[in-house]
Number of protein chains: 2
Amino acid sequence: MLTQTLNTQAINTQIVGKIAPGHPVTDQFGAITGHVGLVATEFSYRKDEEIYGEDEPAEYVYQVVSGAVSSYKLLSDGRRQIGAFHLPGDVFGLESGPAHRLAAEAIIDTTVRLVKRASLEKAAGTDVQVARKLWAMTASELRHAEDHMLLLGRKTAMERVATFLLEMDRRLAVAGMMALPMCRRDIGDYLGLTLETVSRALSQLHAQGILGFSGARQIVLRNRQRLQHLDA
Amino acid sequence: MLTQTLNTQAINTQIVGKIAPGHPVTDQFGAITGHVGLVATEFSYRKDEEIYGEDEPAEYVYQVVSGAVSSYKLLSDGRRQIGAFHLPGDVFGLESGPAHRLAAEAIIDTTVRLVKRASLEKAAGTDVQVARKLWAMTASELRHAEDHMLLLGRKTAMERVATFLLEMDRRLAVAGMMALPMCRRDIGDYLGLTLETVSRALSQLHAQGILGFSGARQIVLRNRQRLQHLDA
DNA sequence: CGCAATATTGAGCTCGGTCAAGGGGCGTGG
DNA sequence: CCACGCCCCTTGACCGAGCTCAATATTGCG
């Protein structure tokens with residue numbers, strides 16, 4: 001289980017206070033832990049390694065330092081729905097109840113910072129600002145889930161892929177280019193499509209000059225306007 | 001706007017303390033407002049009346065007293081995704097941020113109880129138990145949304161309808177029978193299907209003896225076991 | 001009892017899934 | 001630095017679940 005893994009692989013323990021580079025102002029963890037003096041531990045997972053399973057006790061809350069994580073649910077026959085991708089700076093694994101409602105795994109080699117859920121609960125019990133922040137983070141996840149229900153229930157394949165590209169562009173574009181950490185299958189499982197359909201949609205956008213490739217996962221959006229139009 | 005409507009139709013204002021009949025123990029509103037002495041107002045909407053629009057300022061938090069409400073998002077061309085149905089006892093319209101992320105409308109004649117969001121925020125600022133409860137309610141909505149993403153992204157039409165029937169059976173069955181407040185189109189918009197597909201699935205379940213009708217919206221589940229199996 | 005709204009059923013079509021066969025890029029090892 | 005090999009990705013051909021369009025059939029409400 002997680003505890004064992006922690007024992008064998010833990011790298012670095014520190015008092016939270018330094019903020020992850022690149023997220024100096026709006027750091028979610030820092031906002032909570034900074035003035036409470038919680039202890040955070042850094043930890044690494046290899047590509048495809050499970051961080052926690054569905055319905056597993058929610059012992060820790062995580063923040064991606066580097067890499068990328070997916071949160072997902074499985075049906076008994078293996079069909080998978082990814083609910084969210086977590087990128088550097090994102091907090092994940094935060095639960096109000098006792099257990100994780102989705103599983104989480106690293107989609108590439110990933111380093112996270114983590115704090116005990118119990119210590120956050122304790123801080124929230126004495127500091128109203130912390131309590132407010134935990135609520136806001138859960139509300140933010142809910143907002144994303146609500147948008148994603150609309151996508152999954154009502155958008156066409158092309159609209160889904162356009163929405164995905166605009167989301168990733170917003171979240172991880174550097175100098176107008178994005179380096180996707182996830183494979184076509186992961187994108188399909190996020191969008192409720194097959195990997196082939198995702199690939200066909202991307203090829204079509206490429207043919208129309210709306211995006212450019214430099215490697216299958218290195219994408220430049222050349223016409224956000226037209227992409228937004230395709231997004232419905 | 002809402003304020004106008006409130007002025008013309010408000011029925012009854014009271015100090016919250018009495019609990020809605022049928023929800024004496026786990027009443028969500030009561031748990032928050034009971035010991036804080038907040039003022040709640042009762043209010044009624046007719047079938048198909050909008051309660052609030054998407055992105056409208058979130059001035060009030062609501063609880064269904066009687067009737068039923070749907071929360072939904074629209075695409076520009078009219079495609080609709082219902083994110084949740086709210087039944088008697090349910091709280092809806094609770095936001096951590098300033099605006100409603102989904103619109104809400106009464107799907108049948110409905111009476112709600114409502115309190116000002118600002119007064120809840122104020123109570124949460126002084127009472128940690130209230131803050132905790134608000135967080136828990138948002139987390140509960142998130143849990144539902146995560147389950148629903150799996151349904152919308154990965155389940156077949158028959159699996160979706162089976163899931164829907166089991167959910168409604170759990171939430172509103174009385175003496176083994178459920179009286180659905182919503183039409184086939186609403187069910188379709190909730191499940192990411194057309195109304196025809198919903199109707200066909202229900203007919204098929206009827207033909208297999210898994211459910212019985214007494215009127216299109218009066219349904220008896222005759223074999224929950226088999227339904228659960230169809231739910232994947 | 002009558003009628004307008006809602007639900008059912010049918011026929012044909014389409015979008016995205018399935019199955020299958022290459023192609024290409026990246027990391028590894030020589 | 002280059003070549004090899006393994007994924008990952010792309011593309012093609014066909015299929016079918018669910019959508020669309022259309023014609024009844026119910027039903028519940030006045």
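In this predicted model, 20 residue pairs are in polar contact between chain B and chain A, counting pairs with both residues at pLDDT 80 or more. On chain B, the elements that put two or more residues on the side touching chain A are strand S6 (80–86), helix H3 (117–126), helix H4 (128–154) and helix H6 (184–191).

How much area do the two chains bury between them? It comes to about 3900 Å², and 64% of that is on carbon and sulfur atoms. On chain B's side, the trio B:Trp135, B:Met149 and B:Arg154 accounts for 22% of the area buried against chain A, more than any other three residues. As for contacts, 43 residues of chain B meet 43 residues of chain A.

Now for the nonpolar cores. The largest one has 72 residues, and the members touching the most others are Phe164, Leu165 and Met168 of chain A, along with B:Phe164, B:Leu165 and B:Met168. Beyond its neighbours within four places in sequence, B:Met168 contacts B:Phe85, B:Leu87, B:Ala173, B:Met178, B:Leu180 and B:Met182. A separate core holds 30 residues, including A:Leu94, A:Ala124, B:Ala40 and B:Val61.

And the cysteines? Across all chains, the structure has zero disulfides. A:Cys183 is partly exposed, at 27% relative accessible area, and B:Cys183 is partly exposed as well, at 25%.

Notes:
Residues numbered from 1 in each chain as written. Chains lettered and ligands numbered in written order. Predicted model: local features only at pLDDT ≥ 70, side-chain atom pairs only at ≥ 80, totals over all residues. Heavy atoms only, no water. Core = buried A, V, L, I, M, F, W, Y, C linked by side-chain atoms within 4.5 Å. Buried < 20%, exposed > 50% of the residue type's maximum accessible area, 1.4 Å probe, protein only. Contact = heavy atoms within 4.5 Å. Disulfide = S-S within 2.5 Å. Buried area = accessible area lost by both parts, 1.4 Å probe. Polar contact = N/O pair within 3.5 Å; in protein donor to acceptor, adjacent residues only side chain to side chain. Helix = DSSP H or I, 4+ residues; strand = E, 2+ residues; numbered from the N terminus.
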